[in-house]
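Subject: The structure, and what turned up in it

Hi,

Here is the structure I promised to pass on.

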Amino acid sequence: MLLVTDISQGRVTVYQAVEPQGWLSSWLPTWRPTSMSQLKNVEAKILQCLQNKFLARYVSLPNQNKIWTVTVSPEQKDRTPLVMVHGFGGGVGLWILNMDSLSARRTLHTFDLLGFGRSSRPTFPRDPEGAEDEFVTSIETWRETMGIPSMILLGHSLGGFLATSYSIKYPERVKHLILVDPWGFPLRPTDPSEIRAPPTWVKAVASVLGRSNPLAVLRVAGPWGPGLVQRFRPDFKRKFADFFEDDTISEYIYHCNAQNPSGETAFKAMMESFGWARRPMLERIHLIRKDVPITMIYGANTWIDTSTGKKVKMQRPDSYVRDMEIEGASHHVYADQPHIFNAVVEEICDSVD
């Protein structure tokens, strides 16, 4: 049984559903208003906003998995490319406010993580270390297939966690690690008063984690699924209002997450609860080679623990570690304050080459 509580306008609404199994799961897609074709179409609408030249294609890995990849300004070959890794439930389309600016002087690569967006959705290992390693291995295999010698690696939320794990294993490939509101760093506090209160939608998601995948409600809600995205996350429409006056972004998020929950299941295996990882990155950050510089960017109003940046500095006393907060931004810093975010990232990239 799956329970999600929506608190809005003084009313409490509880959605109940059961994640389908067996024959029922094969029938539900006909009732669920989504498909990879619909995801492709709404993403194409988003990418039409790009002004710079871009190339969108599948990158086939040796194990037959495919990584959906968007490369902006592919002709900019003289500088180290920037590679951006999205967070949980996201995809390449959510970087639309950043792509043109960040590809003005260098090539920008962004891709859908394995198990998310338009990438392949394989079965991940069910243990946290195995699931994490599967993600990291897919990123490295993608890099090899793309022929990228080294990169500036930027990750948001879950993408920040995975980018850090990647940098531990392949430090020679990372010229600068940029972590944007990274998930999964701190150890879970034993004192509840030390926990920063998450937004309502996070509480709603957290209430179902012990019983089902985090976003299962979107799939079992059938034709009501798109409306749930708009209801729980109306802020996304505001964030992207300069580009879209309609529900394009909400539709994109819905279609990204109404498919087979491959990456979502892997994420659940990696987390202790929604805000904490089973294998906290703060316990391993010292394993990154000392000559890999790290910049951590937080939204000043985020629900993520921003003190992690200072703790990373303590863990790496002989390395470059910079942490900063952007005013007027929450967890999705890149969309809350895109102009400031882009300027900060451009400055970091220019320091590389």
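First, some ground rules. This is a predicted model, so I kept to its limits: local features need pLDDT of at least 70, side-chain atom pairs count only at pLDDT 80 or more, and totals for chains, interfaces and linings use all residues. Residues are numbered from 1 along each chain as its sequence is written, and side-chain values use heavy atoms, with hydrogens and water left out.

**The whole chain**

Of the 353 residues, 58% count as buried. Buried means under 20% relative accessible area, exposed means over 50%, and partly exposed is in between (1.4 Å probe, protein chains only). Contact means heavy atoms within 4.5 Å. Among contacts between residues at least 6 apart in sequence, 75% join residues at least 24 apart.

**The core**

In soluble globular proteins, nonpolar side chains tend to be buried together. A nonpolar core here is a set of buried Ala, Val, Leu, Ile, Met, Phe, Trp, Tyr and Cys residues joined through side-chain atoms within 4.5 Å. Which residues touch the most other members of the largest one? They are I297 and F341, in a core of 100 residues. Helix α4 (residues 128-146) gives this core its largest share, six residues. If you skip neighbours within four places in sequence, the contacts of F341 include N98, L102, L154 and I297.

**Strand β6 and its partners**

Two strands pair if DSSP finds at least two bridges between them. Strand β4 (residues 66-72) runs antiparallel to β6, and four bridges join them; T71 has H109 as its bridge partner there. Strand β5 is also joined to β6 by four bridges, but these two run parallel, and M84 stands opposite T110. Both faces of β6 are covered: L108 and T110 are buried on one side, H109 and F111 on the other.

**Aromatic rings**

The whole structure holds 12 aromatic pairs. Rings of Phe, Tyr and Trp (its six-membered ring) pair if their centres lie within 6.5 Å; planes under 30 degrees apart are stacked, over 60 edge-to-face, and the rest tilted. F88 and F116 are edge-to-face because their planes stand at 85°, with centres 6.0 Å apart. F88 sits in the loop between β5 (82-85) and α3 (99-102) and F116 in the loop between β6 (108-111) and α4, so this pair ties together parts that are 28 residues apart in sequence. F88 is buried at 19% relative accessibility, and F116 is buried at 3%.

F111 and W142 make a tilted pair, 4.6 Å centre to centre with 40° between the planes. F111 belongs to strand β6 and W142 to helix α4, so their pair links parts 31 residues apart in sequence. Both F111 and W142 are buried.

There is one more ring feature to look up. R118 lies over the face of W68, 3.7 Å from the ring centre; a charge sits over a ring if NZ of Lys or CZ of Arg is within 6 Å of the ring centre and within 35 degrees of the ring normal.

Is R238 buried or exposed? At 60% relative accessibility, R238 counts as exposed. R238 is in helix α9 (residues 235-239).

Cheers
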